[in-house]
Each structure stands twice: as C-alpha cells, then as structure tokens.
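Work through the exercises below with the sequence and the model at hand. Try each task before reading its solution.

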Amino acid sequence: MRARKAVIPAAGLGTRFLPATKSSPKEMLPVVDKPAIQYVVEEAATAGLEDVLMVTGRGKRALEDHFDHAIELERQLAAAGKEDLLAAVRAVSQLAAVHYVRQGQPLGLGHAVGCARHHVGNEPFAVLLGDDLIGMEERLLSQMVELADRSARTVVAVMEFDDAELDRYGVIDGPPDPEQPGVYHVNDMIEKPGRANAPSNLCIIGRYVLTPDIFGHISRTKPGRGGEIQLTDAMRAQCAEEPIRAVRFDGARYDIGTKQDYLRATIEIAAQRPDLGPEFRDFLSDFVERL
C-alpha cells in the first residue's frame with residue numbers, strides 16, 4: 001500500500017531560539033514570509049500526502065490557527081481588494097487535511113511517532129521532522145514513498161556527514177543496492193555513535209517512510225539516554241528482521257534547529273525567489289563587498 005498520511009512531530013520547546021520561542025512555537029519562526037512548518041506541510045502535499053497529523057504539546061495552538069481558515073482576515077483582504085494576499089492565506093488552509101494529537105510528555109521521537117498509531121492505522125506513513133527543511137525543488141520524499149511502495153519496507157533518508165558530526169545523528173550500516181543507485185540495504189543503525197564507533201558516514205536526516213509494524217517495535221522499545229524512546233532503536237528491530245532501505249540525498253537541506261542553518265535557509269530561499277531574488281542578490285553582493 002502506498003503511503004497516504006504524514007506525521008509531523010512538533011512538540012519540542014525550541015530552547016535554542018529563546019527568547020523568540022518563549023511564547024511562540026519554534027515551528028512558527030518565519031523563513032522569509034512563511035513559517036517553517038508550512039514548508040514541511042507543502043512538501044508532504046507535493047508528495048501526495050494530503051492527510052497530515054501534527055504531534056503537538058502545550059503552547060502549540062498557533063499551529064492549529066495557522067492551518068485553519070481565518071474568516072475575518074479573509075473578509076478584510078477581500079474588501080481591500082488584496083487578491084494576491086487573499087489567495088495566499090486561503091491556500092494555507094487548503095494544503096492538506098491537518099489533524100492534531102498531543103504528546104503528553106517529552107519522551108523522545110519514538111514516543112512522538114507512537115502517538116500517531118490510532119490515526120495512521122495499519123498502513124505505511126511518512127514522518128517529517130519540522131527542523132529539517134528540504135529544498136523546494138527536491139523530490140526526496142516522493143522518491144522515498146515510491147521506494148517504500150515497491151519494497152514494502154521502511155525507508156529512511158541519509159546524507160554523508162563529516163566525522164566530527166557523527167555524534168549528532170543516527171548512522172546506518174549496510175551495503176548499496178547493486179541495481180538502484182543511491183539506495184542502501186540497512187541491516188543496522190547506531191544512534192549518535194561518534195567517529196570511533198560509526199559504521200559509515202551516512203547519517204539519518206528528518207525524513208522517514210515507515211511501515212506500520214514500527215508501532216509494535218516502539219511499544220517494546222525501552223527508554224534510552226535521557227529517558228527517551230528513540231525511533232532509531234525501533235527501526236533497529238526492523239533491520240534485525242529484514243534490512244530496511246535508505247535513500248542517499250545530496251541536495252539542499254537546512255537544519256533550522258540551529259541558528260546558522262536557519263539564517264542560511266532564509267538567505268538561500270529568499271535569493272531563489274523570483275519575486276525577491278534579483279534585488280536581494282544585488283544587496284548580498286554589495287554587502288559582501290563591504291565586509
């Protein structure tokens with residue numbers, strides 16, 4: 001069965017962006033003129049995943065408001081003849097059927113995904129981390145959905161990282177598929193192993209297409225470091241039964257949970273926009289010359 005639903009964990013506190021996230025969810029931080037979470041939902045919709053479940057927590061009401069209809073705002077824009085803005089506002093609420101469930105305690109990514117069990121049911125589904133923005137022209141998620149459909153196995157996205165970064169990600173172990181360039185058969189993975197213990201330099205980034213048996217593995221996964229239930233541990237159990245798949249990604253990706261990548265995403269996306277890019281690129285050229 002082809003994946004039809006997407007799950008977006010969005011319960012984190014965003015402490016690295018305090019004080020900006022003191023009263024506003026980190027997912028609502030703007031990247032140019034859209035909140036970060038909107039890019040993620042747009043990516044899901046582009047891949048054909050038009051049923052989206054957000055796993056939220058306290059203080060996340062702004063997410064629900066953003067993807068809901070804003071009747072009063074729409075009336076004001078219509079009365080003012082601001083048709084372009086009206087179309088942009090209406091488009092947000094029409095991206096997907098967005099649902100919400102609370103993660104009562106911050107018990108890790110595995111626990112957050114487990115909260116989606118009743119909504120997802122017995123079918124494959126995608127997981128998109130809101131901190132990871134993928135370039136607007138990339139087809140990563142679509143490729144993953146197609147591979148999961150063909151293989152009937154969980155699929156993860158991986159990128160190659162420097163040795164110094166191997167203590168920040170889950171790292172896969174497994175051979176490349178001889179018939180599918182860029183695809184790997186994963187027989188093991190290690191969470192944040194560091195250079196000395198890493199089986200490769202291919203690290204898992206925030207895109208997954210999971211088969212529904214993951215929920216059983218999550219329920220049997222014991223809490224690890226910090227008392228959290230790691231999704232990596234549940235996927236390791238899947239690997240032990242039969243290798244899962246990984247898709248190597250070499251395109252544009254921004255970890256906007258870090259300030260450096262948040263700034264990079266804002267600049268690069270603005271520079272690529274046809275309505276902003278030409279003038280903004282001229283500004284950047286002049287700015288760099290003045291440094």
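**Exercise 1.** At roughly what angle do the axes of helix α3 (residues 71-79) and helix α4 (residues 83-93) cross?

Solution. The model used here is a predicted one.
Step 1. The axes of α3 and α4 come within 8 Å, and they cross at roughly 160°.
Step 2. Angles over 145 degrees count as roughly antiparallel. The two helices α3 and α4 are therefore roughly antiparallel to each other.
Step 3. The crossing in which α3 passes α4 is left-handed.
Step 4. On the side of α3, the residues that meet α4 are L73, E74, L77 and A78. On the side of α4, they are E83, L85, L86, V89 and R90.
Step 5. Sorted by class, this contact of α3 with α4 has 6 nonpolar and 3 charged residues, and no polar ones.

**Exercise 2.** Describe how helix α10 (residues 259-272) packs with helix α11 (residues 277-290).

Solution.
Step 1. The axes of α10 and α11 are 7 Å apart, and the packing angle is about 130°.
Step 2. That angle makes α10 oblique to α11.
Step 3. From α10, the residues I267, A270 and A271 take part; they meet G277, F280, R281 and L284 of α11.
Step 4. The classes in the contact of α10 with α11 are 5 nonpolar, 1 polar and 1 charged.

**Exercise 3.** Is K60 buried or exposed? Place K60 in the chain and list what it touches.

Solution.
Step 1. K60 sits in a loop, with β4 (51-56) on one side and α2 (61-66) on the other.
Step 2. The relative accessible area of K60 is 5%. Buried means under 20%, so K60 is buried.
Step 3. Setting aside neighbours within four places in sequence, K60 is in contact with A10, A11, G12, P25, K26 and E27.
Step 4. For one of these residues, G12, there is a distance to note: the side chain of K60 reaches the backbone oxygen of G12 at 2.6 Å.

**Exercise 4.** How many of the 11 residues of helix α1 (residues 36-46) are buried?

Solution.
Step 1. In α1, the buried residues are A36, I37, Q38, Y39, V40, V41, E43, A44 and A45.
Step 2. This gives 9 of the 11 residues, so α1 is largely enclosed by the rest of the structure.
Step 3. Follow the chain past the end of the helix. Just after α1 comes G48, with a positive phi of about 85°.

Note on methods:
Residues numbered from 1 in each chain as written. Predicted model: local features only at pLDDT ≥ 70, side-chain atom pairs only at ≥ 80, totals over all residues. Heavy atoms only, no water. Helix = DSSP H or I, 4+ residues; strand = E, 2+ residues; numbered from the N terminus. Buried < 20%, exposed > 50% of the residue type's maximum accessible area, 1.4 Å probe, protein only. Polar contact = N/O pair within 3.5 Å; in protein donor to acceptor, adjacent residues only side chain to side chain. Contact = heavy atoms within 4.5 Å. Axes fitted to C-alpha atoms, helices over the stretch in contact; angles between N-to-C directions. Parallel < 35°, antiparallel > 145°, perpendicular 65-115°, else oblique. Left-handed = near helix turned anticlockwise from the far one by under 90°. Nonpolar A, V, L, I, M, F, W, Y, C, P; charged D, E, K, R; others polar.
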